[in-house]
Number of protein chains: 2
Amino acid sequence: MVTMRDVSRAAGVSSATVSRVLTGSAEVDPATRQRVLDAVRQLDYRPNLVARGLRRQVSQVLALVVTDIENPFYTAVCRGVEDAARLKGYSVILCNADRDIDKEREYLRVVADQNASGVVISPASAQNTDIGALVARGIPVVAVDMPLEQAAGSVLVDNRAAAAMATRHLLAGGARRIACITGPSDNATASDRLDGYMRALHEAGRPVDPELAIYSNYRESGGYEATNRLMDLADRPDALLVTNNRMIVGTLRALQSRGVSIPDDVNVVSFDELPWALELHPHLSMVRQPGYLIGQKAAELLIERLASPTTPQHIVMEAELIAKDGRARTPSSAI
Amino acid sequence: MVTMRDVSRAAGVSSATVSRVLTGSAEVDPATRQRVLDAVRQLDYRPNLVARGLRRQVSQVLALVVTDIENPFYTAVCRGVEDAARLKGYSVILCNADRDIDKEREYLRVVADQNASGVVISPASAQNTDIGALVARGIPVVAVDMPLEQAAGSVLVDNRAAAAMATRHLLAGGARRIACITGPSDNATASDRLDGYMRALHEAGRPVDPELAIYSNYRESGGYEATNRLMDLADRPDALLVTNNRMIVGTLRALQSRGVSIPDDVNVVSFDELPWALELHPHLSMVRQPGYLIGQKAAELLIERLASPTTPQHIVMEAELIAKDGRARTPSSAI
DNA sequence: TTGTAGGCGTTATCAA
DNA sequence: TTGATAACGCCTACAA
């Protein structure tokens, strides 16, 4: 391995001077400077980032802790973080917490031990995710998808508005009994989405039937069961709002096995992107969150903060409705 | 931050002893040992991995360089690598090369500078991807999805067999003119798949019409154009083999816009998984590669090699055909 | 069994 | 403008 010492010898200077040239931390005589650069090129020297990290006490590494890397929404977030980080010279350590609070905690520890400069996280839980250790070490955290108490920032989507928009879309399409299948009751985004659904019904002067509001588990199995339960009701719903992309797969399977057709028998709006399936199902509307943008913004926020500590900054983005009937895409605020 | 020195003072020993206790590198008197452990607990000490990495000259970090993190196949690989690495106490740096050879090269440099212990890579190109710098530094590389000259190992799929299997499936379904849309001609997997397609045709005593074998770009746009071109032929194909999951989206869109129905007008087999769309399209068969397993094996291979340098090890896995008509899943070797 | 001392490769401080 | 020197936190000869 080529070290700075090798370069300094080749250029006939001290390693301090080499360091100065490479980091630009002080003035160096142009001639000396050139000799150093030549030696660097000659030897193909590259600074050892581990040594630099130890000395400077900061690495050029961010950590990204996601809930589920196989979920296209988080994948998009991931790309956004990745691109923004790369642009600023940061690398990204990927941690897939898998909705497991213990795994998440373990990852946060390791990331702290590795002296990551900052962390972007989609928390497993708004209550139980504990970033205290990071905060204590002065490692800033930006939350996405779900708010987090001590976070230095957050990039969230207005889930209430998004769910309300979806509900209004169903109403406008003529739905009379709309059901909502949402996530666990202790999940912040799940209850926000349910809340938006209810709000839209109230606004429209429609009754809210408790039978039609189901807390499920954000998993395919939950979507499947909840849908079957709804379809077994004496007074069936004629529209479904399903608040995440894993459950919608279960919902579709249940409807398919029962021979229930979309949108003739029930109209359906899904949440989150199923990007590659978009073309395949001509009758499934969905609420799309700007995953890439969220990730990008989150990383930028984090890196900004590293440069100059500021007060926590919270960004709220809007989801868009992709209506299957070919209507124009509409930001949620416009409805 | 709590250092080893702090622990040593609290326990009334030297930091060397603390190190010995924590790494188990030498015998320590049980009583002393206990005092050290107590101090560690008391202070909530955690070793600084950067310092350790500098001293030991090896980090507990692997790098994963993938072609396209938004592609469900690579996402599955990613999870496999991640899980296997975590199990062995390694972290994973994620690098999304985006099919860009320059971006890939840049990432490989950074990863080397960060002293990663090893690299799992899905190369952007079998010819142009250059891992020389890593090899020179003694950083082992395991290739997935595509073979790589100097790699310390590889985990690949038998693409010829897989494409042949898919082609036979179409033949068995009564197809008479089968077209194949594959990736760039300089892409190893793309030409392997085309090769398998041709081989199956030969074996069946069918002519190979050059008009029906199209090199495209592995992107949605390519699938769209190629499909349109094929459908414009005077003597249209009645079956399509599309060799990756991005192009299939373009194919489906083209077919849809022309009102061509699957499988009545043309039968279609796709490559790679579109996992979340599986439920949605009842008539689309596909060849599925075991992404998770590939990633897992690759990481295990890498970590094994770190423990004891061996000769390069190459693993070939089989794809499975998921036939839409409800036939049993069949490993490619059985056909 | 334990401690001392030195070094991993870089950078920051201080003198010259 | 440049060079010695020390230090980041850890590990490992070597000595005691």
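**Where chain A meets chain B**

Author: Happy to! Between chain A and chain B, about 5000 Å² of area is buried, and carbon and sulfur atoms give 57% of it. Please keep in mind that this is a predicted model. Chain A brings 50 residues to the contact, and chain B brings 50 residues as well.

Let us turn to the charged pairs. Six salt bridges are counted between chain A and chain B. One salt bridge that you can look up joins the side chains of A:Glu70 and B:Arg79, with N and O 3.1 Å apart. Both of these residues also belong to a network of salt bridges, in which A:Glu70, A:Asp98, A:Lys103, B:Arg79 and B:Asp83 are linked. Over all chains, the count comes to 34 salt bridges.

From here, we can follow some salt bridges inside chain B. B:Arg246 pairs with B:Asp68, and their closest N and O atoms are 2.5 Å apart. B:Arg246, at a relative accessible area of 24%, is partly exposed.

B:Glu220 is partly exposed, with a relative accessible area of 27%, and B:Arg253 counts as partly exposed at 37%.

A salt bridge can also sit within one helix. The side chains of B:Arg105 and B:Asp102 meet at 2.5 Å, N to O. Because B:Arg105 and B:Asp102 are three residues apart in helix 6 (residues 101-113) of chain B, about one helical turn separates them. B:Arg105 is partly exposed at 42% relative accessibility, and B:Asp102 is partly exposed too, at 47%.

Finally, a look at how helices pack in chain A. Helix 1 (residues 4-11) and helix 2 (residues 15-23) of chain A pack at an angle of about 100°, and their axes are 8 Å apart. Helix 1 of chain A is therefore roughly perpendicular to helix 2 of chain A. A:Met4, A:Val7 and A:Ser8 of helix 1 make this contact with A:Ser15, A:Val18 and A:Ser19 of helix 2. By class, the residues of this contact are three nonpolar, three polar and no charged.

Helix 2 of chain A also meets helix 3 (residues 30-43) of chain A, where the axes come within 10 Å and cross at roughly 85°. That angle makes helix 2 of chain A roughly perpendicular to helix 3 of chain A. Here A:Thr17, A:Val18, A:Val21 and A:Leu22 of helix 2 touch A:Thr32, A:Arg33, A:Val36, A:Leu37 and A:Val40 of helix 3. This contact has six nonpolar, two polar and one charged residues.

Terms used:
Residues are numbered from 1 along each chain as its sequence is written. Chains are lettered from A and ligands numbered from 1 in the order in which they are written. This is a predicted model: local features need pLDDT of at least 70, side-chain atom pairs count only at pLDDT 80 or more; totals for chains, interfaces and linings use all residues. Side-chain values use heavy atoms; hydrogens and water are left out. Axes are lines fitted to C-alpha atoms, for helices over the stretch in contact, and angles run from 0 to 180 degrees between N-to-C directions. Helices (H or I, at least four residues) and strands (E, at least two) are DSSP runs, numbered from the N terminus. Angles under 35 degrees count as roughly parallel, over 145 as roughly antiparallel, 65 to 115 as roughly perpendicular and the rest as oblique. Contact means heavy atoms within 4.5 Å. Ala, Val, Leu, Ile, Met, Phe, Trp, Tyr, Cys and Pro count as nonpolar, Asp, Glu, Lys and Arg as charged, and the others, Gly among them, as polar. A salt bridge is a side-chain nitrogen of Lys or Arg within 4 Å of a carboxyl oxygen of Asp or Glu. Buried means under 20% relative accessible area, exposed over 50%, partly exposed in between (1.4 Å probe, protein chains only). Buried area is the accessible area (1.4 Å probe) that two parts lose on being put together, summed over both.
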